[in-house]
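Colleague: I would like to go through the labels on this model. Tell me what each one rests on.

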Amino acid sequence: MTSAGDRRSAFSAVEATVDDTRRSINRFCARVFRTRGGKIGSGMGSVLEALWGYYSNDRLHRASQSEIELAWFPEHQYHDFACVKPNIEWNPATKRGELFRIEAKSMNEDADESKAHFDVLTDELDPFDTLVLLVWRWKSVDRWRVSPFVIDIFFGPAKPVARLRDELHKARGGSFVDRNSCPDACPPSQCAHHGEPLNKSGTRERTTEPTTRKGPNTSFAANFGGMLRMLKTNSNDARTALRAERQRCDVAHRYISFIHKHFPDEERNHYRAPEWRRLASILQLRTNGTPEQLQRNVRRSPDYPEALRTFS
Ligand SMILES: [Zn+2]
């Protein structure tokens, strides 16, 4: 059996590989994945996610006294990797031999949004299950050629990010199926749809179920869990929900700060013009200028995300 202490130290051991892993991926890409062009929507993100698993594992093997390794799921499980104990039997069905699971996602900094969705149900996550998010772009390696370059990696527990996503989903008018009032009218004891997200119009957000909640023109809505889209706040309720989670939860704060760091337009759209002035004033910077100018100045201060966290 594995204890919470085992899981916590395994999580920390994998987390400690993140910087080295990023550098190793970039060295490999600059040497091997050199190309003219550099396609967006190329599937390169999936390659980088897999490389993250291999290089992180390589680091773990090289660390002295390493008592864990990363395994790649053999079938169509939601997660990509499992952190397992070496040299004992691993059973993905029963989770025997496993410490925690890892979902790796990637986003191209120059693209609108990754197709990959973080749409696992919150109840399906264990406390140490982890979300890894790579932000990358094509970078020039010589006059003619580019290669993929991983700029930054978010590594954190997945459940608090899922909770942030769920709170924003509800604030947008979305809901979750309750087994006691399932749209498919299944008996509560047999309902397999509990927790499935439905959008404001009642259309299901995932391909799976409930069968009676297909949309009029689409099989499912698929807005749930977009790594960037899930933080969009086009209403006061959504804006309030994001700020409440940002204040309440360190991981949510870290995730929001990470996305806003790499996608500054999202950050600028979330906070209003008077708030950019207020932030500049808190950081003792000049308070006149457009939100774009204020944001650019503010972002030079490393403490600005902490100051934003206090905004409600
Ligand atoms: Zn049901």
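Modeller: Start with the elements: helices (H or I, at least four residues) and strands (E, at least two) are DSSP runs, numbered from the N terminus. The protein has 10 helices and seven strands. Note that this is a predicted model: local features need pLDDT of at least 70, side-chain atom pairs count only at pLDDT 80 or more, and totals for chains, interfaces and linings use all residues. Residue numbers start from 1 along each chain, as its sequence is written.

Colleague: What makes the protein as compact as a globular protein of that length?

Modeller: The radius of gyration, taken over C-alpha atoms, is set against the globule rule, 2.2 Å times the number of residues to the power 0.38. For 312 residues the rule gives 20 Å, and the protein has 21 Å, which is close, so it is as compact as a globular protein of that length. The C-alpha trace spans about 60 × 55 × 40 Å along its principal axes.

Colleague: Why is Asn 87 called exposed?

Modeller: A residue is buried if 20 or more other C-beta atoms lie within 10 Å of its own, exposed if 12 or fewer, and partly exposed in between; C-beta atoms are placed from the backbone. Asn 87 has 8 C-beta neighbours inside 10 Å, so it counts as exposed. Asn 87 is in the loop between strand S2 (81–84) and strand S3 (98–108). Its phi is positive, about 65 degrees, although Asn 87 is not a glycine. Most residues other than glycine have a negative phi.

Colleague: And why is Lys 95 called partly exposed?

Modeller: Lys 95 has 15 C-beta neighbours inside 10 Å, so it counts as partly exposed. Lys 95 is also in the loop between S2 and S3. It has a positive phi too, about 70 degrees.

Colleague: What makes a set of residues a nonpolar core?

Modeller: They must be buried Ala, Val, Leu, Ile, Met, Phe, Trp, Tyr and Cys residues joined through C-beta atoms within 7 Å. The largest such core has 52 residues; Leu 48, Trp 52 and Cys 83 are among those with the most contacts inside it. Apart from it lies another core of eight residues, including Tyr 271 and Trp 276.

Colleague: How do you know which residues Trp 52 is in contact with?

Modeller: Two residues are in contact if their C-beta atoms, placed from the backbone, lie within 7 Å. Leaving aside neighbours within four places in sequence, Trp 52 is in contact with Thr 21, Ile 25, Ala 104, Val 132 and Leu 134.

Colleague: Why is H2 called oblique to H3?

Modeller: Axes are lines fitted to C-alpha atoms, for helices over the stretch in contact, and angles run from 0 to 180 degrees between N-to-C directions. Angles under 35 degrees count as roughly parallel, over 145 as roughly antiparallel, 65 to 115 as roughly perpendicular and the rest as oblique. The axes of helix H2 (residues 18–32) and helix H3 (residues 44–62) cross at roughly 120 degrees and come within 9 Å. That makes H2 oblique to H3.
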